[in-house]
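I opened my notebook to go through a structure piece by piece. These are my entries on what I looked up.

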Amino acid sequence: MTDSAKPQLMDRPKTEAKHAASETSGAAFLAALDGTRSAATSAHDEALDRLPVPHRRVERWKYTPVAAWWKDVLSTEVHTVQAAGCAANPVPGLDAYRLVFVNGIFDALASDLPVHSGVVCMPLSQKGDAAVQPVDAFSPETTDWFAGVNGKYGQEGLYLRVAKGVTLDRPILVHHHTTGSGVFNALRHDIALEAHAQVTLVHWSTAASSADGSVNILTRAAVADGARLHIDKVQDEEGQVRHIAFEDIRQSSDSHAEVHTVTVRGQWVRNDLAFRINGSGAHAELNGAFLPGEGEFVDNHTTVDHRVAHCTSSENYKGILYGKSTGVFNGKVFVRPDAQQTNAYQQNANILASDKASINAKPELEIYADDVKCSHGCTVGQFDSDALFYARSRGVGLEAAKAMLVHAFIGDVLKGIKVAEVRLEVEHRLAEKHGWEVWSDYPNDDA
Amino acid sequence: MAYDGKDKVLEEVTGKSYEFGFTTEIESDKAPAGLSEDIIRLISAKKEEPEWMLQWRLDAFAVWQTMEEPDWPHLNYEKPDYQAISYYAAPKQKKQLNSMDEVDPELRRTMDKLGISLEEQKRLSGVAVDFVMDSVSVATSFKDKLAELGIIFCSMSEAVKEHPELVRKHLGTVIPTRDNFFSALNSAVFTDGSFCYIPKGVRCPMELSTYFRINESGTGQFERTLVVADEGSYVSYLEGCTAPQRDENQLHAAVVELVALDEAEIKYSTVQNWYPGDENGKGGVFNFVTKRGICHRRSKISWTQVETGSAVTWKYPSCILKGDHSVGEFYSVAVTNNAQQADTGTKMIHLGKNTHSTIISKGISAGNSHNSYRGLVQIMPSAANARNFSQCDSLLMTDTSGAHTFPYVEVKNPTAQVEHEATTSKIGEDQIFYCLQRGIDAEQAISLIVNGYAKEVLNQLPMEFAVEAQKLLSISLEGSVG
């Protein structure tokens with residue numbers, strides 16, 4: 001293929017206009033942050049200047065209100081689970097290594113770092129910036145304003161290296177806890193797996209019921225040839241906490257990466273996942289379930305970028321929206337010109353369970369190669385009245401019948417959660433939030 | 001793949017010349033290039049328009065000056081210089097025509113070349129045609145016969161003069177002036193177009209048709225179509241277009257507004273075959289069109305489009321389902337070849353209860369072209385029991401072309417049922433093999449497969465158009481084996 005024949009559309013720079021009021025708010029926000037902490041680096045200042053502060057006219061932020069972000073800039077002295085009064089391990093019975101971050105600071109006493117040959121795992125602050133993977137033109141820091149904020153202020157997080165061929169014996173639980181009022185926490189995790197290494201991570205976010213603040217988490221992971229990375233990500237934050245999370249995952253040949261996201265609770269949640277598949281034979285899997293209740297907002301943005309031939313990706317997001325809640329799903333599958341024989345699948349199904357709930361879905365395909373199989377489906381509906389009738393005619397109450405349907409509806413997403421204890425706890429917390437007693441009666445595969 | 005004649009056949013297609021690329025040597029009356037209030041006053045004066053119309057244009061111009069050309073479409077083109085275009089070009093006519101026989105013979109020949117010999121069509125297919133060249137409607141056939149039923153079918157400029165109450169009542173109600181950059185531009189400078197009114201309870205006995213042609217160089221075409229179907233009426237409306245082969249990019253920014261009052265039905269079909277530019281992407285028409293219809297109670301609007309031409313297409317025929325039980329449909333086949341780019345789709349805005357919409361979009365990309373579907377399905381809180389089904393399939397012919405899907409689904413009512421599905425694939429090698437095995441050559445096999453693929457949409461077209469569309473499809477794709 002000659003250069004002139006290459007599509008010019010692919011990386012066409014789009015001019016996204018800055019919005020004066022948003023720029024002012026954003027600048028004031030940064031200035032206020034500077035007053036409460038010192039910036040980790042000035043490396044992202046250029047990007048922060050260049051990128052528009054998100055507002056409704058920026059396509060990626062069309063459905064996502066950010067006004068509530070500007071008020072939370074404080075840092076707090078509460079840095080241990082003991083002071084915060086929360087459990088170090090939020091998942092009962094989970095046998096895992098553990099890193100606990102309270103309000104963005106590593107709590108060494110509550111943590112249990114892995115001691116395993118070939119595994120380097122420590123808080124980022126102990127490692128130093130030089131060891132961190134560099135930022136490039138595709139990194140969230142250079143493409144999204146909020147990620148740029150993370151780059152500027154995020155100083156702590158997980159530093160993980162797994163050597164060639166090493167499989168870590170237990171999962172690593174990364175627990176973030178937020179407490180206090182008006183707080184702003186930024187964390188960044190830096191993960192690299194060498195060839196054929198394997199690791200399972202559980203990212204669990206919690207917040208005190210009195211908490212009020214913002215959390216900005218950025219995870220960068222490089223998955224080398226034949227390596228396997230599995231992330232179970234659970235967001236269960238009480239209080240008035242806004243949570244934005246970026247995952248930037250780069251895959252090499254024959255690697256396997258999975259991220260399973262379940263949003264149990266969260267006032268305002270945005271997940272921004274990007275998989276870049278740079279080696280053939282790789283597989284990416286992204287699943288998610290979100291069940292926002294009254295007043296909650298959940299936004300899932302995903303990008304799967306197929307850059308080379310013979311790769312597969314599978315994506316499945318399920319949403320059930322209760323009360324006056326809003327959901328957003330934006331999935332983008334990108335198949336570059338050389339990525340022949342790509343097989344990409346994307347599914348997004350939503351149920352509106354309340355007349356005040358709304359969903360905005362945008363499943364996108366952008367395809368520049370011809371010998372590919374790409375499909376996506378998107379549905380919005382309600383509980384199947386026939387199924388409800390069937391259950392009720394057999395003596396199951398309406399709410400219980402609905403709970404049953406919910407269990408079936410998000411079952412395939414929950415099933416993807418690798419760590420059984422995490423899955424059970426997620427089910428337990430969902431049932432608790434929505435008052436589904438019936439769930440505890442279900443037989444469990446792992447029991 | 002098994003078939004080795006691929007390159008040869010591909011060359012043939014790219015070498016295929018545009019059939020309608022001739023120009024007509026008609027003296028024309030052309031305004032100087034550029035856009036200003038004076039030009040708008042000139043256009044308005046030339047059209048002998050009433051004062052309210054001029055004011056409407058000037059307001060639109062003021063709005064347009066504050067707007068910016070959209071950057072969000074998935075298109076890559078050099079933005080036209082709006083001051084380098086002549087906004088008015090009319091085939092010169094000495095006097096008001098009384099019958100078809102008085103039409104300039106050159107013009108008649110153009111029509112013949114386009115295969116729309118008006119007389120013949122009158123007799124054979126019973127289609128009433130309004131022919132718009134450059135910016136001015138030059139002939140409308142069958143007018144008297146339609147008038148007997150109370151149907152008004154005439155050029156827009158005539159309607160402004162003779163039916164001001166209807167035009168004033170509906171013009172700009174579906175697509176307000178400030179709707180977007182191109183609709184504002186059109187509102188300021190539109191020169192002609194078609195107007196159609198079907199009275200209460202009348203079923204229009206024949207297809208109404210408009211044929212658009214850009215002839216002059218350095219001009220743009222800005223026509224405006226308004227179709228009003230009064231309560232309980234029915235009309236089927238066809239639209240076709242061609243342009244001469246030129247090195248420059250010509251601009252076509254039309255606005256089409258449909259109003260379907262209670263229990264009315266409008267079927268609007270387009271076969272768009274503007275000059276697509278040469279194989280290197282030089283020349284060709286920029287087709288920036290705003291089309292929208294509003295459905296009142298129990299009414300129905302159905303858009304069918306076959307898009308094969310234009311260098312750049314930006315077009316989203318939409319339905320506002322305002323009335324309860326109204327129905328919106330969108331059927332589209334968009335074919336892009338060589339360096340063509342298309343960003344097309346629809347918007348279905350559900351406001352009324354029990355409203356239904358269907359979207360079937362078939363994209364076919366060949367050469368180095370890019371074909372995008374962009375659609376919005378919006379269910380507002382008031383739209384109880386709304387139902388939408390969308391299907392967007394893309395067929396890729398070459399590894400240098402692109403197929404993209406950008407569907408927006410916004411649902412604010414829990415009783416809604418919305419389904420969207422999209423697939424992208426290339427023509428099945430097994431299907432071609434099956435045909436080859438049975439003595440059908442690759443060329444024909446592709447034509448067969450593509451026609452089968454697009455059948456759901458082609459079936460929606462009126463008979464005369466379906467034949468033309470099928471021919472167009474095979475010409476546009478001849479040999480594009482991928």
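Predicted model: local features only at pLDDT ≥ 70, side-chain atom pairs only at ≥ 80, totals over all residues.

**Entry 1: what I'm looking at.** I looked up the domains of chain A and found domain 1 (74–385) and domain 2 (386–447). Taken over C-alpha atoms, the centres of these two domains of chain A are 24 Å apart. Their contact uses 27 residues from domain 1 of chain A and 23 residues from domain 2 of chain A. On the domain 1 side, strand 7, strand 9, strand 11, strand 13 and strand 15 of chain A each give at least two residues. I sorted that side by class too: 13 nonpolar, nine polar and five charged residues.

**Entry 2: strand 5 of chain A.** Is strand 5 (residues 172–178) of chain A mostly covered or mostly open? Mostly covered: seven of its seven residues are buried. Next I checked where the side chains go. In a regular strand they alternate between the two faces of the sheet. Here I172(A), V174(A), H176(A) and T178(A) point one way, while L173(A), H175(A) and H177(A) point the other way, and all are buried.

Then I looked for the neighbours. Strand 1 (residues 97–102) of chain A runs parallel to strand 5 of chain A, and six bridges join them. One pair I wrote down is F101(A) with its bridge partner H176(A). Strand 7 (residues 198–207) of chain A is also parallel to strand 5 of chain A, with seven bridges. There, H175(A) has W204(A) as its bridge partner.

**Entry 3: helix 7 of chain A.** Why do I call helix 7 (residues 385–393) of chain A largely open? I looked up its nine residues and the number buried is zero, so this helix lies largely in the open. After helix 7 of chain A comes G395(A), and its phi is positive, near 85°.

**Entry 4: chain A meets chain B.** I looked up the contact and got 40 residues of chain A against 38 residues of chain B. Strand 18 (358–367) and strand 19 (373–381) of chain A each supply at least two residues of the chain A side. Which strand gives the largest share of that side? Strand 18 of chain A does, with 10 residues. By class, the chain A side has 19 nonpolar, 11 polar and 10 charged residues.

Seven bridges join it to strand 25 (residues 417–426) of chain B, and the two run antiparallel. In that pairing, T379(A) stands opposite E419(B).

Terms used: Residues numbered from 1 in each chain as written. Chains lettered and ligands numbered in written order. Contact = placed C-beta atoms within 7 Å. Helix = DSSP H or I, 4+ residues; strand = E, 2+ residues; numbered from the N terminus. Nonpolar A, V, L, I, M, F, W, Y, C, P; charged D, E, K, R; others polar. Pairing = 2+ DSSP bridges. Buried ≥ 20, exposed ≤ 12 C-beta atoms within 10 Å, placed from the backbone. Domains from an automatic or database assignment.
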